[in-house]
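Here are some notes to go with the structure below. Please read them with the sequence beside you.

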Amino acid sequence: MGKSFPTLVLETLLAQRVGGLVCGVDEAGRGPWAGPVSAGAVILSADDIPEGINDSKALTAGRREVLAVEIKRCAVAWGVGFASPEEIEDLNILQATGLAMCRAIEAMSVQPKAALVDGNYRFKLPCDVETAVGGDGLSLSIAAASILAKTARDRIMIEMDAEYPGYGFASHKGYNAPIHQAALKAMGPCAIHRRSWAPIRALLET
């Protein structure tokens, strides 16, 4: 069997059930040591879907950037939201992810009746929620949301690289990498590091 690509089947079924528009929702940046967590929300038009939408992790950075522009141009509505490193510390990463998702949906020009969310956790969002494990590989709307979340967060981390030089944020986007570990040992954490993260905490305690 060849690789399957995302479709609109899940969102079409959910839209019929709730009797209204359905957005796909996904996050980027739950795992890094630094920077915000971001979320995207997208309502796609079945008549105007950019070609090549897939799980953002399966695409190159350049392809994601091109598709992000296309998605914003073609979508019925889209939104991006963030939760800051401070909010991640205050709330925990799961609740901060939910906050970013709420902000993404609230930023949309058209509000959905329901959200199809990647994963198995039922976040409390401003509309009905249905989860889909592996959704970014099944649902075009979730895949589109993953692209918007990832490109928006990557842009912030490239900006942070200029603001906090020496950590290599432009290359690893705040994730664990040898250059990141070395910089933390040499310089300590900066303002956007998640200080409660075990590796950061370990470095702060040494």
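1. A residue counts as exposed when its relative accessible area is over 50%, and as buried when that area is under 20%. The structure discussed here is a predicted model. Glycine 19 has a relative accessible area of 61%, so this residue is exposed. Its place in the chain is the loop between α1 (9-18) and β1.

2. How far apart in space are glycine 19 and leucine 138, C-alpha to C-alpha? The distance is 21 Å, and 119 residues separate the two in sequence.

3. Aspartate 55 also sits in a loop, the one between β2 and α2. Is aspartate 55 buried or exposed? Its relative accessibility is 14%, and the limit for buried is under 20%, so aspartate 55 counts as buried. Leaving out residues up to four places away in sequence, aspartate 55 touches Asp136, Gly137, Ala143 and Ser146.

4. Next comes the sheet. Five strands form an open sheet in the order β3-β2-β1-β4-β5, and the pairing is mixed. At the edges are β3 (77-83) and β5 (128-132), each of which pairs on one side only. On average, neighbouring strands of this sheet are turned by 25° against each other, with direction ignored.

5. Strand β2 (residues 37-43) pairs with β3 in the antiparallel sense, over seven bridges. Which residue of β3 is the bridge partner of serine 38? The partner is phenylalanine 82.

6. Helix α5 (residues 140-163) lies across β1 (22-28), β2, β3, β4 (114-118) and β5. Relative to β1, helix α5 runs at about 40°.

7. Helix α5 also packs with helix α2 (residues 61-74), at an angle of about 120° and with the axes 9 Å apart. Roughly perpendicular covers 65 to 115 degrees and roughly antiparallel begins over 145; α2 and α5 are therefore oblique to each other. Their crossing is left-handed.

8. Which residues of α2 and α5 meet? On the α2 side they are Arg64, Glu65, Leu67, Ala68, Ile71 and Lys72. On the α5 side they are Ala144, Ile147, Leu148, Lys150, Thr151, Asp154 and Arg155. By type, the residues of this contact divide into six nonpolar, one polar and six charged.

Note on methods:
Residues numbered from 1 in each chain as written. Predicted model: local features only at pLDDT ≥ 70, side-chain atom pairs only at ≥ 80, totals over all residues. Heavy atoms only, no water. Pairing = 2+ DSSP bridges. Helix = DSSP H or I, 4+ residues; strand = E, 2+ residues; numbered from the N terminus. Axes fitted to C-alpha atoms, helices over the stretch in contact; angles between N-to-C directions. Contact = heavy atoms within 4.5 Å. Buried < 20%, exposed > 50% of the residue type's maximum accessible area, 1.4 Å probe, protein only. Parallel < 35°, antiparallel > 145°, perpendicular 65-115°, else oblique. Left-handed = near helix turned anticlockwise from the far one by under 90°. Nonpolar A, V, L, I, M, F, W, Y, C, P; charged D, E, K, R; others polar.
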